[in-house]
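User: I have a structure open and have never looked at it before. Can you walk me through some of it?

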Amino acid sequence: MDYEVMANEELAVRAQEGDMDAENVLYANVSRLIYKLSQRCISLCGRAGIDEDDLMQECWIGFHNAVMGYQTGKGMFSTYLGFHIKSACMRALNIRDGVMRVIPTVSVDTPVQGGEDITIADMIADESIDVTGGAEITDLQRVVRGAVARLTDREQELINAVYVQGKTVTAWGRAEGISSSRSNQLQHKIFRKLKRDPAIQAFELYYIREGSEIDRRRQLWDAENRILWNDGHEEIERRIDDGISLYLAWCSDNSIQPDVAEYRRELVLWEAAQLSI
């Protein structure tokens with residue numbers, strides 16, 4: 001199949017259907033645009049405590065999200081991609097409401113509050129002493145380690161390289177003879193598998209207070225993904241758009257200030273709930 005002559009929009013549709021070759025060609029087509037959009041953020045990586053590889057990994061996830069969410073007839077893919085790349089950069093740099101949340105650096109010689117003559121350096125464990133051998137592993141550690149153990153050997157190798165050895169995903173992929181896009185795809189696949197792991201999902205309830213803003217965002221995120229991965233997602237999204245249009249018309253007729261975001265959230269949650277019935 002000659003992917004090189006296909007339009008980006010057609011490649012996106014094929015990628016949504018699981019065609020990895022189409023997604024790789026599409027990524028190559030828009031890589032310059034991704035680089036251009038992320039350039040203005042690279043100078044901020046130092047302040048955010050990340051390196052350029054971290055930023056580009058987040059951009060790849062933004063690209064993948066754009067591919068999965070693109071709908072034919074909604075304009076050029078490159079235009080739709082721009083929003084996702086900018087959002088990815090803001091996530092990587094921890095920018096919310098236009099403000100970068102920078103984690104302050106503190107000297108290890110700083111006294112611990114209420115600790116008399118104890119400094120932060122005194123609180124750092126001596127790496128020459130093995131304190132983990134007989135320590136009890138917490139419930140959360142057991143759950144996460146169990147979920148990781150259920151991954152494939154290659155997926156476990158990536159987790160070990162990135163989160164134990166401190167390598168970047170790109171560096172691991174290069175050592176394995178895998179392209180940057182392929183290694184990032186594998187990382188994204190691992191995150192999805194871990195998120196769907198029944199043990200982790202059960203444990204999540206203990207850490208998210210029901211009704212909190214984080215809980216509301218998680219519910220909306222889960223609902224949107226449930227819809228996105230459903231075969232009839234285009235029809236569902238059309239119903240949501242139609243529902244919002246009717247809502248706006250009703251608000252206008254009754255001189256009521258609309259809350260589109262909240263109403264859309266209710267529609268998304270309702271549609272997602274129907275998929276589980």
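User: Which residues of α2 are buried?

Analyst: The buried residues of α2 are Ala-22, Glu-23, Asn-24, Val-25, Leu-26, Tyr-27, Val-30, Ile-34, Leu-37, Ser-38, Cys-41 and Ile-42. Buried means under 20% relative accessible area, exposed means over 50%, and partly exposed is in between, with a 1.4 Å probe and protein chains only. This is a predicted model, where local features need pLDDT of at least 70, side-chain atom pairs count only at pLDDT 80 or more, and totals for chains, interfaces and linings use all residues. Residues are numbered from 1 along each chain as its sequence is written, and side-chain values use heavy atoms, with hydrogens and water left out.

User: What do the buried residues of α2 pack against?

Analyst: They pack against α1 (8–16), α3 (45–48), α4 (52–69), α5 (77–92) and α10 (180–196). Helices here are DSSP runs (H or I, at least four residues), as strands are (E, at least two), numbered from the N terminus.

User: How far apart are the end C-alpha atoms of α2?

Analyst: They are only 28 Å apart, although α2 (residues 20–42) has 23 residues. A straight helix would reach 33 Å at 1.5 Å a residue; the expected span is 1.5 Å times one less than the number of residues.

User: Where is the kink in α2 centred?

Analyst: The kink is centred on Val-30 and is about 50 degrees. The bend at a residue is the angle between axes fitted to the seven residues ending there and the seven starting there.

User: And what caps the N-terminal end of α2?

Analyst: Asp-19 does, with a side-chain oxygen 3.1 Å from the backbone nitrogen of Asp-21.

User: Back to Val-30. Which residues does Leu-81 touch?

Analyst: Val-30 is one of them, along with Leu-33, Ile-34, Phe-63 and Ala-66, not counting residues up to four places away in sequence. Contact means heavy atoms within 4.5 Å. Leu-81 is in helix α5, and Leu-81 is buried, with a relative accessible area of 0%.

User: How many residues apart in sequence are Leu-81 and Leu-33?

Analyst: They are 48 residues apart in sequence, and 9.1 Å apart in space, C-alpha to C-alpha.

User: New topic. How many salt bridges does a search of the whole structure find?

Analyst: It finds 9. A salt bridge is a side-chain nitrogen of Lys or Arg within 4 Å of a carboxyl oxygen of Asp or Glu.

User: Which residue forms a salt bridge with Asp-21?

Analyst: Arg-182 does, the closest N and O atoms being 3.8 Å apart. The pair links distant parts of the chain, with Asp-21 in helix α2 and Arg-182 in helix α10, 161 residues apart. Asp-21 is partly exposed at 41% relative accessible area, and Arg-182 is partly exposed at 34%.

User: What about Glu-10 and Arg-14, where do they lie?

Analyst: Both lie in helix α1, 4 residues apart, about one turn of the helix. An α-helix has 3.6 residues a turn, so residues three or four places apart point the same way. The side chains of Glu-10 and Arg-14 meet in a salt bridge, 3.6 Å from N to O.

User: Which residues are linked in a network of salt bridges?

Analyst: Glu-155, Lys-189 and Lys-193 are.

User: Last one: is Glu-271 buried or exposed?

Analyst: Glu-271 is buried, with a relative accessible area of 8%. Glu-271 is in helix α14 (residues 260–276) and touches Ile-227, Ile-236, Arg-239 and Ile-240, not counting residues up to four places away in sequence.

Terms used
A polar contact is a pair of N or O atoms within 3.5 Å; within protein, one must be able to donate a hydrogen and the other to accept it, and residues adjacent in sequence count only if both atoms are side-chain atoms.
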